[in-house]
Amino acid sequence: MSSHEVQEEPLSHEELKYREHTQRGADFIKIDLFRSAREEFKAALQYKPGDKFATEKAIECQGFINRDRKKVLILVPIVLAIITLVILFNL
């Protein structure tokens, strides 16, 4: 019975940092922290400029941020109107 040892090259500092930032970005997406996720993917791009995966994920996060901003811009005036009506009816 023989064993085959696989000699793996140690990862470069840039590769380790890239993986660290992309993993953090993925973790932030899982809990809907899109701004933090976007910043992690942008940080990953410092270690692999032009990387397709990190670029696409940063763009995807920006889309989620824009979507959430639109929701807030719609909901806030509605909530303020409801609060105003409740105050007026209680006078």
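The crossing of H1 and H3 is left-handed, a term used when the near helix is turned anticlockwise from the far one by less than a right angle, with right-handed for clockwise. The model is predicted, and local features need pLDDT of at least 70, side-chain atom pairs count only at pLDDT 80 or more, and totals for chains, interfaces and linings use all residues. Residues are numbered from 1 along each chain as its sequence is written, and side-chain values use heavy atoms, with hydrogens and water left out. Helices are DSSP runs (H or I, at least four residues), numbered from the N terminus, as are strands (E, at least two).

Two packed helices are described by the angle between their axes and the distance between the axes. Axes here are lines fitted to C-alpha atoms, for helices over the stretch in contact, with angles from 0 to 180 degrees between N-to-C directions. For H1 and H3 the axes come within 11 Å and cross at roughly 25°. H1 and H3 are therefore roughly parallel to each other; angles under 35 degrees count as roughly parallel, over 145 as roughly antiparallel, 65 to 115 as roughly perpendicular and the rest as oblique. Contact (heavy atoms within 4.5 Å) is made by Tyr18, Thr22 and Ile29 in H1 with Phe53, Ala54, Lys57 and Cys61 in H3. By class, these are 5 nonpolar, 1 polar and 1 charged residues. Nonpolar covers Ala, Val, Leu, Ile, Met, Phe, Trp, Tyr, Cys and Pro, charged covers Asp, Glu, Lys and Arg, and the others, Gly among them, are polar.

H1 also packs on H2. Their axes come within 8 Å and cross at roughly 165°, so H1 and H2 are roughly antiparallel to each other. This crossing of H1 and H2 is left-handed. On the H1 side the contact includes His13, Tyr18, Phe28 and Ile29, and on the H2 side it includes Phe34, Ala37, Phe41 and Tyr47. The residues of the H1 and H2 contact divide into 10 nonpolar, 5 polar and 4 charged.

Between helix H1 (13–30) and H2 lies a loop that holds Asp32. Asp32 has a positive phi of about 60° although it is not a glycine. With 54% relative accessibility, Asp32 counts as exposed; the cut-offs are under 20% relative accessible area for buried, over 50% for exposed, and partly exposed in between (1.4 Å probe, protein chains only).

The remaining pair is H2 and H3. The axes of H2 and H3 come within 8 Å and cross at roughly 160°, and these helices are therefore roughly antiparallel to each other. The crossing of H2 and H3 is left-handed. Among the residues in contact are Phe34, Arg35, Arg38 and Leu45 of H2 and Phe53, Gln62, Ile65 and Asp68 of H3. By class, the H2 and H3 contact has 11 nonpolar, 2 polar and 6 charged residues.

The largest nonpolar core has 7 residues: Ile29, Phe34, Ala37, Phe41, Ala58, Cys61 and Ile65. A nonpolar core is a set of buried Ala, Val, Leu, Ile, Met, Phe, Trp, Tyr and Cys residues joined through side-chain atoms within 4.5 Å. Helix H2 (34–47) and helix H3 (52–89) are the elements that give two or more residues to this core. Leaving aside residues up to four places away in sequence, Ile65 touches Phe34, Arg35 and Arg38.

Glu60 is found in helix H3. Its relative accessible area is 32%, and Glu60 is partly exposed. The C-alpha atoms of Glu60 and Phe34 are separated by 9.0 Å, with the two residues 26 residues apart along the chain.
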